[in-house]
Amino acid sequence: MYTTKRDDTRTSSNMSDAGLTMLILKWPNIGICQPNSVLKVALCMATLIFIFNFNATDRSDEFMKYRSYDDADDGLSLLSPVINNTSKLETGTFETIKEETTKKTEFQSETLIRGNQSFQGELNFTREYLKTVSPDIFQRIPTQYLPNYRGFCWFEEDQLWCLPYFYIIGFHKCGTTDIFDKLRRHPDVLKVGKEPHWWALRRAGLHRDNYSLHKKLNQEVSNLPGIVDSTTFNWYLHWYKQQHVLHDVKTSTRKLRSENGELIEYHPKVFGDGSVSTISHVIYSPWDRLVPNGEDPDILPYLMHAVQPRAKVIISVRDPVARFHSIFAKRMGGRNSNHLHGFAVSSVNCATNCIANHSVRYCAHYSHCAKFPQLYLGIYIEFIQPWAMIYGKENLFVSRMEDRIKDPLREFRKLLQYLELDMLPDKECKRIVSGVSNKTRGKVAMLDKTRNLLQEFYKPFNRRMAAFMNDDSYNFGY
């Protein structure tokens with residue numbers, strides 16, 4: 001049996017630059033920086049320069065290296081971390097098994113996860129800091145996940161626990177349910193409920209068990225012995241255990257030969273979390289109170305990356321005008337075209353006034369246009385950049401709904417390749433992509449003036465998204 005033990009040892013950190021500086025400046029017994037002679041002042045400056053240079057050299061390999069993605073529209077750049085396999089920051093060591101990829105993730109207790117330096121302030125989310133934010137998570141997860149499991153699994157005594165292998169984090173009304181349903185038809189993907197909404201909403205106390213989606217399952221888990229409430233990590237783990245998938249993960253095995261020729265028992269089954277609130281929750285949270293200046297990064301991608309640095313993150317988008325139309329039909333069904341136009345006008349006016357006085361990031365996250373905040377979610381770039389910054393753009397799978405409609409087979413194969421799942425025969429792939437259809441609902445017709453208004457609003461943000469993805473199709477034809 002493969003078991004893991006938590007490593008609670010912590011390395012002592014060196015005294016900070018600021019601490020050493022204050023020691024030299026204020027310690028009376030040293031007094032080298034007392035300005036009573038030119039010689040002492042010169043000696044003080046030389047000492048300070050030596051300290052800063054020494055510490056910068058000594059700790060340089062503790063920082064992530066960043067690659068800059070130029071923003072074609074506003075000159076800003078996205079600083080995306082590039083994890084070096086040979087540096088101390090490598091959060092996982094990997095063992096390649098013939099025809100399979102496994103994970104063995106060892107966490108560094110002092111790994112530094114830095115925010116985008118273009119944000120106001122200096123925010124350094126270390127693993128130790130994140131432990132104080134969600135201590136119940138870090139009390140449960142292991143120092144390394146089981147190497148012979150495809151998913152992120154560990155044992156506590158004889159009980160197997162697993163986290164989702166992939167996350168479909170958004171966007172709402174962009175075909176995420178279609179992606180989730182198709183993936184569940186792969187023989188190695190287990191069928192579970194799509195949206196527990198734990199990471200973004202329940203963990204923060206922003207969701208209730210009587211929510212219509214998975215209502216019965218949510219209440220069953222909350223009533224289990226030892227479950228305090230749905231904000232706890234224990235609730236999230238039991239949400240999947242209650243669906244009996246952990247037993248399937250444990251008992252479904254295949255024999256594989258490792259690089260050194262040893263036959264091992266490999267567990268290929270995985271499951272996913274399709275909670276679209278993961279990327280959009282900030283528009284429903286008290287962002288203006290949590291982040292007063294509106295510029296600091298959302299902590300969620302930092303937290304999830306610290307827990308699962310190799311998780312698969314899937315993001316689906318579509319023409320933001322079509323998305324606005326679709327969400328209006330869902331939320332305001334039965335209204336007429338003039339009503340839709342009125343909502344578009346009021347939403348665009350409110351957003352335009354906000355952007356005139358604040359940054360786009362502030363306005364996209366601070367949902368002060370509460371009448372219909374969904375307009376902001378079509379500014380995809382503002383929500384995707386923080387995740388790309390933390391996970392690395394190359395480690396996200398961004399998919400256009402339009403591409404999946406045009407060539408579902410090709411897009412499904414690309415998704416399987418990204419997820420490192422077994423590539424299925426053409427016949428099986430065709431059966432999967434043709435066996436799931438998007439739900440349709442009657443829509444209020446959109447007037448030309450409404451479409452033109454929304455296209456003009458989204459056009460500059462689409463250009464930023466196209467530049468970021470290096471793909472003109474993200475301009476969506478206007």
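Guide: One term before we start: buried means under 20% relative accessible area, exposed means over 50%, and partly exposed is in between, using a 1.4 Å probe and protein chains only. By that rule T450 is buried, with a relative accessible area of 0%. This is a predicted model, so local features need pLDDT of at least 70 and side-chain atom pairs count only at pLDDT 80 or more, while totals for chains, interfaces and linings use all residues. Residues are numbered from 1 along each chain as its sequence is written, and side-chain values use heavy atoms, with hydrogens and water left out.

Visitor: OK. Where is T450 found?

Guide: T450 sits in helix α19, residues 448–469. Helices (H or I, at least four residues) and strands (E, at least two) are DSSP runs numbered from the N terminus.

Visitor: And what is T450 in contact with, leaving aside its neighbours within four places in sequence?

Guide: L340, H341 and A344. Contact here means heavy atoms within 4.5 Å. With H341 there is also a polar contact of 2.7 Å between the two side chains. A polar contact is a pair of N or O atoms within 3.5 Å; within protein, one must be able to donate a hydrogen and the other to accept it, and residues adjacent in sequence count only if both atoms are side-chain atoms.

Visitor: Zooming out, how many helices and strands in the chain?

Guide: The chain has 19 helices and 14 strands. It has 478 residues, and 53% of them count as buried.

Visitor: Which residues have the most contacts inside the largest nonpolar core?

Guide: L163, F171, W199, I315 and I384, in a core of 111 residues. Helix α15, residues 380–391, gives the most to this core, with nine residues. A nonpolar core is a set of buried Ala, Val, Leu, Ile, Met, Phe, Trp, Tyr and Cys residues joined through side-chain atoms within 4.5 Å.

Visitor: Take I315. What does I315 touch, its neighbours within four places aside?

Guide: Its contacts include I169, G170, F171, I279 and I384. L396, F397, V398 and S399 are also among the contacts of I315.

Visitor: New topic. How many disulfides?

Guide: The structure holds two. A disulfide is a covalent bond between the sulfur atoms of two cysteines. Here a pair of cysteine sulfur atoms within 2.5 Å counts as one.

Visitor: Which cysteines form them?

Guide: C153 pairs with C162, the sulfur atoms being 2.1 Å apart. C354 pairs with C363, with 2.0 Å between their sulfur atoms.

Visitor: Right-handed or left-handed?

Guide: For C153 and C162 the torsion about the S-S bond is about 110°, so that disulfide is right-handed. For C354 and C363 the torsion is about -95°, so that disulfide is left-handed.

Visitor: Are those cysteines buried or exposed?

Guide: C153 counts as buried at 2% relative accessibility, and C162 counts as buried at 2% too. C354 and C363 are buried as well.

Visitor: Which residue in β8 is the bridge partner of F155?

Guide: L160. The hairpin of β7 and β8 has two residues between the strands, and E157 takes a positive phi near 60° there.

Visitor: Back to helices. Which residues of α18 are buried?

Guide: C429, I432 and V433, in a helix that covers residues 426–434. They span an arc of only 90° around the axis, which puts them on the same side of α18. That arc is taken from the directions from the helix axis to the C-beta atoms. In general, an α-helix has 3.6 residues a turn, so residues three or four places apart point the same way.

Visitor: What do those buried residues pack against?

Guide: Helices α5 (176–183) and α17 (408–419). On the face of α18 turned away from its buried side are the exposed residues K427 and S434.

Visitor: Last one: R127, buried or exposed?

Guide: R127 counts as buried, at 9% relative accessibility. R127 lies in helix α3, residues 127–133. A polar atom of the R127 side chain is 2.9 Å from the backbone oxygen of A306.

Note on methods
Pairing = 2+ DSSP bridges.
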